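Subject: Structure handover

Hello,

Here is the structure you will be working with. My notes on it follow below.

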Amino acid sequence: MPQPVPTVVLVHGAWHGPWAWDAVAERLHSAGADVIAVDLPSAGLDASSLGDLYDDARVIRAAVDGASGPAVVVAHSYGGLPVTEGLAGAVNAAHLIYLAAFMLEEGQSLLGLRQGIEPDWWLTSDDGYTLLPDEPRRVFYGDCQPDVAARAEAALVPHRKDAFRQELRAVAWREVPSTYVICELDNAIPPAAQERMSAHAHAVHRLESSHSPFLSRPADVCAIIRDVVDGGMPRGHHS
């Protein structure tokens, strides 16, 4: 019997949405891949309805469990946290790709990794419930075309702040093969921090890109994903 075709599950970072993956998803679709871009409930315009890290993890788990084939899951930035949390024990998770993403251990959180010190580009709402980024073009889109950066900046939405404080309770990368992609021109997550996190991964790639290569270098991101989908998936566990 033929092997089932892998499904690529794309997980956006904080403040973004599934739209961030459009240029990558189009290329993957053209190559015949089945693609799901999830919509994380922790980001949105209605603060009263926002979920937290664990809600994001449940949405990702549901997408992977419901995929028609083994899932290659690509997480960007914050998205690495709910992917790590939600896919522990997920039979359908075949490979995790951390794209300039948080690849942390049990008990760690995004803010905890920074000893509780918030980045100077975080803008907290008056009620302390949500965050927006200051200077997103500088922080996220340094190597993007101006029109691409402008459209992305206009699409950003508030993100629930609790999600940055919540600690991981499970770690999927201990049991699922993984790849880390270091973005060497990143102004959001220092490349040195990405280097440290990448030590957890089976394979490491580097892109000379800003924090958002899905916008500035979508063909390169697609090539890395297709390499994994087409058989570059290392097997075995990692600790």
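**Salt bridges**

R137 and E153 form a salt bridge, with 2.7 Å between the closest N and O atoms; the term stands for a side-chain nitrogen of Lys or Arg within 4 Å of a carboxyl oxygen of Asp or Glu. R137 belongs to helix α5 (residues 136-139) and E153 to helix α6, so the pair ties together parts that are 16 residues apart in sequence. Helices (H or I, at least four residues) and strands (E, at least two) are DSSP runs, numbered from the N terminus. R137 is partly exposed at 40% relative accessibility, and E153 is partly exposed at 30%. Buried means under 20% relative accessible area, exposed over 50%, and partly exposed in between, with a 1.4 Å probe and protein chains only.

Before the rest, the conventions: this is a predicted model, in which local features need pLDDT of at least 70 and side-chain atom pairs count only at pLDDT 80 or more, while totals for chains, interfaces and linings use all residues. Residues are numbered from 1 along each chain as its sequence is written, and side-chain values use heavy atoms, with hydrogens and water left out.

A search of the whole structure gives 14 salt bridges. One of them joins E118 and K161, whose closest N and O atoms are 2.8 Å apart. This pair links distant parts of the chain, 43 residues apart: E118 is in the loop between α4 and β5, and K161 is in the loop between β7 (159-160) and α7 (162-165). E118 is partly exposed, with a relative accessible area of 34%, whereas K161 is buried at 5%.

R160 and D162 form another salt bridge, the closest N and O atoms being 3.0 Å apart. R160 is buried, with a relative accessible area of 15%, and D162 is partly exposed at 26%. Salt bridges with shared partners also connect E105, E106 and R174 in one network.

**Pockets**

The pocket search ran on a 1 Å grid over the protein atoms alone; a pocket is an open set of points with protein on both sides within 12 Å along at least five of seven lines, whereas a cavity is a set of points where a 1.4 Å probe fits but cannot get out. Lining residues have an atom within 4 Å of a point. Grid points are joined across faces, edges and corners, and a volume is the space filled by probe spheres set on the points.

The largest pocket has a volume of about 390 Å³. Its lining holds 27 residues, and F102, L110, L113, R114 and I189 lie nearest the centre. Both α4 and α8 supply at least two lining residues each, and α8 gives the most, with three residues. By type, the lining of the largest pocket divides into 18 nonpolar, seven polar and two charged residues. Here Ala, Val, Leu, Ile, Met, Phe, Trp, Tyr, Cys and Pro count as nonpolar, Asp, Glu, Lys and Arg as charged, and the others, Gly among them, as polar.

The second largest pocket has a volume of about 150 Å³. W19, A20, D22, A23, V148, R151, A152, F214 and L215 line this pocket. At least two lining residues come from each of α1, α6 (146-155) and α9 (213-216), and α6 has the largest share, three residues. The lining of the second largest pocket has seven nonpolar, no polar and two charged residues.

**Individual residues**

V74 lies in strand β3 (residues 71-76) and is buried, with a relative accessible area of 1%. Not counting residues up to four places away in sequence, V74 touches V8, V9, L10, V11, W21, I97 and I225, where contact means heavy atoms within 4.5 Å. V74 and V228 are 154 residues apart in sequence and 11 Å apart in space, C-alpha to C-alpha.

S198 is in helix α8 (residues 191-198). S198 is buried, with a relative accessible area of 5%, and is in contact with Y180, I182 and V204, leaving aside neighbours within four places in sequence.

Two non-glycine residues with positive phi are also on my list. W15 has a phi of about 70° although it is not a glycine; W15 sits in the loop between β1 (7-11) and α1 (22-30) and is buried at 3% relative accessible area. Q115, also not a glycine, has a positive phi near 55°. Q115 lies in the loop between α4 (110-113) and β5 (122-124) and is exposed, with a relative accessible area of 65%.

Regards
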